[in-house]
Amino acid sequence: METPGSQSSLHRANLERVVRAVRLAGSLTQAEIARTTGLSAATVSNIVRELKDGGTVEVTPTSAGGRRARSVALSGDAGIVIGVDFGHTHLRVAVGNLAHQVLAEEAEPLDVDASAAQGFDRAEQLVSRLIAATGVDRAKIAGIGLGVPGPIDVESGTLGSTSILPGWTGTKPAEELKDRLGVPVHVDNDANLGALGELVWGSGRGVKDLAYIKVASGVGAGLVIDGRIYRGPGGTAGEIGHITLDESGPVCRCGNRGCLETFAAARYVLPLLQSSHGTELTMERVVGLARDGDPGCRRVIADVGRHIGSGVANLCNLLNPSRVVLGGDLAEAGELVLGPIRESVGRYAIPSAARQLSVLPGALGGRAEVLGALALALSEMGDSTLLDGSAPVAAPAFT
């Protein structure tokens, strides 16, 4: 038994610090590990050698700043994580390893009106199919990240009221999936997972403070502060869609008037174009037409960008993020929407905050949330099983 404060317990703590840093980042050079953990270069070198000899990490030659270096990543067979993303019209599942490599990924349509039970049936089947296709060892599944398009109560894990999946209100998605698959499940809303995905794999890499804005059937934001998702005590932080822009504006689904969502979300924007473009219009189609030069679609996209920019300006004044990443179909409009966002930020944000802000399109597109789910599972798993050489809790055979 290790005594607290002893050399053995200190060594164990240092091992866990190194493993945690590599697990969260995917791969780091030894110099980066030293900066991240605060350990000396010599200590890091000795720990990396020990972990490599034990098969926990893999070390490959690389370069950093023009100099030769060694990149450290967790072993590809050290463990498996799974990401599940329930969207407005889809279900997407990805399987990845602890080295941040995506081994398999698949999406399929999902009826938005389907019951929670039907949705979880489909998720269970798709997870089973991907596990079989990759041939991974089920005993090495360390956890599952789950994304849902609605607010999650932090204490109870209950899905709050959502007009996107109304039949799911009051359910506990993490418990349901855990009962089905026998694997630890961690759940969060889609905007937070989009932020995590872009932070780890996309346009948010290299920054510690960012906001991920997702515009779809609703408008939400995932907030990253000092490298961590900020959820608030009740799990509802980031509801940027319900910032009031016009007190006499349209009635929002939340009961207030003139929320940002009523000026930017697809359900409010598409009717503006239906008389001239038909009732089968989608936001993806609007973006495509705008890029092709359609004047009506370009005007609507620009207006939406200016409204979003007003909300982003509020975020700048309150939180002073260094980067805003725009996700969802709207991000494909590029400068047609990003330019108006920057224009509003420049007009309404504190000048110092506006100067420090960069506004970028998401790099991951529709994959941001499922990759964020993988990142969530990676961030929530412990390091002791990796160091002890024992596998995570084994999952039962999938059916």
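1. Val286, Val287, Leu289 and Ala290 in α10 meet Cys297, Arg298 and Ile301 in α11, where contact means heavy atoms within 4.5 Å. The residues of this contact of α10 with α11 divide into 6 nonpolar, no polar and 1 charged. For these classes, Ala, Val, Leu, Ile, Met, Phe, Trp, Tyr, Cys and Pro count as nonpolar, Asp, Glu, Lys and Arg as charged, and the others, Gly among them, as polar.

2. A word on provenance: this is a predicted model, in which local features need pLDDT of at least 70 and side-chain atom pairs count only at pLDDT 80 or more, while totals for chains, interfaces and linings use all residues. Residues are numbered from 1 along each chain as its sequence is written, and side-chain values use heavy atoms, with hydrogens and water left out. Helices (H or I, at least four residues) and strands (E, at least two) are DSSP runs, numbered from the N terminus.

3. Back to the geometry of that first pair. The axes of helix α10 (residues 283-291) and α11 come within 8 Å and cross at roughly 115°; axes are lines fitted to C-alpha atoms, for helices over the stretch in contact, and angles run from 0 to 180 degrees between N-to-C directions. That makes α10 roughly perpendicular to α11, since angles under 35 degrees count as roughly parallel, over 145 as roughly antiparallel, 65 to 115 as roughly perpendicular and the rest as oblique. The crossing of α10 and α11 is left-handed: the near helix is turned anticlockwise from the far one by less than a right angle, whereas clockwise would be right-handed.

4. How do α11 and α12 cross? The axes of helix α11 (residues 295-319) and helix α12 (residues 335-348) come within 7 Å, at an angle of roughly 40°. That makes α11 oblique to α12, and the crossing of α11 and α12 is right-handed. By class, the contact of α11 with α12 has 12 nonpolar, 5 polar and 3 charged residues. Residues of α11 that take part include Arg298, Ile301, Gly305, Ile308 and Val312, and among their counterparts in α12 are Leu336, Pro340, Ile341 and Tyr348.

5. The buried residues of α3 are Val44, Ser45, Ile47, Val48 and Leu51, with buried meaning under 20% relative accessible area, exposed over 50% and partly exposed in between (1.4 Å probe, protein chains only). Just after α3, Gly55 takes a positive phi of about 80°.

6. Two backbone angles deserve a look. Most residues other than glycine have a negative phi. His100, in the loop between β5 (90-97) and β6 (102-109), has a positive phi near 65°, and at 13% relative accessibility it counts as buried. Asp226 sits in the loop between β10 (219-225) and β11 (228-230). The phi of Asp226 is also positive, about 55°, but at 55% relative accessibility Asp226 counts as exposed.

7. Lastly, Ser276 is found in helix α9 (residues 271-277) and, at 53% relative accessibility, counts as exposed.
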